[in-house]
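Please show how a protein model may be read, feature by feature.

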Amino acid sequence: MKIPRDGKILDCEDAVKCIFNLKELDIIILRELKKHGNIRADELADILKKERSTIYRALQKLNKCGICVKKTKTIEQGGYYHLYSICEDITIKETAEKCLDEWYMKVKKSLSDLDK
């Protein structure tokens, strides 16, 4: 986890980037998910003028972090596609708080091990 060293107070986006180790593109994708609701990776790629594989990797990362949801939809003629959406704000907050609590406990244990 990277912490800004310039003395600046973290805003919401900075905090989310720091806690979940996200890049600027990940944050841009989160904004688009919030704006559009359920959206396919190829639609996001068109909107952001990025390769679909780049968007897909970012969506996988956001999904793994627990701040993006992937839903599989079936096509009647056969096949399927995925829709992505942002988790509820409260879920993101709860997930971030859990990550911070876990990190705090690890750091506290590491510091207590210094005495040994």
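The dialogue below goes from the overall fold to the hairpin.

A: This is a predicted model, in which local features need pLDDT of at least 70, side-chain atom pairs count only at pLDDT 80 or more, and totals for chains, interfaces and linings use all residues. Residues are numbered from 1 along each chain as its sequence is written, and side-chain values use heavy atoms, with hydrogens and water left out.

Q: How many helices and strands does the protein chain have?

A: Helices (H or I, at least four residues) and strands (E, at least two) are DSSP runs, numbered from the N terminus. The protein chain holds five helices and two strands, in the sequence pattern α-α-α-α-β-β-α.

Q: How do strands β1 and β2 pair?

A: Two strands pair if DSSP finds at least two bridges between them. Here β1 (residues 68-74) and β2 (residues 80-86) are joined by seven bridges in the antiparallel sense. K70 lies opposite Y84 in β2. The hairpin of β1 and β2 has five residues between its strands, and G78 there adopts a positive phi near 120 degrees.

Q: What is the radius of gyration of the protein chain?

A: This radius is taken over C-alpha atoms, and the globule rule is 2.2 Å times the number of residues to the power 0.38. The protein chain has 17 Å, whereas a compact globule of 116 residues would have a value near 13 Å. Its C-alpha trace spans about 65 × 30 × 25 Å along the principal axes.

Q: What share of the residues counts as buried?

A: Buried means under 20% relative accessible area (1.4 Å probe, protein chains only), exposed over 50%, and partly exposed in between. Of the 116 residues of the protein chain, the buried share is 28%.
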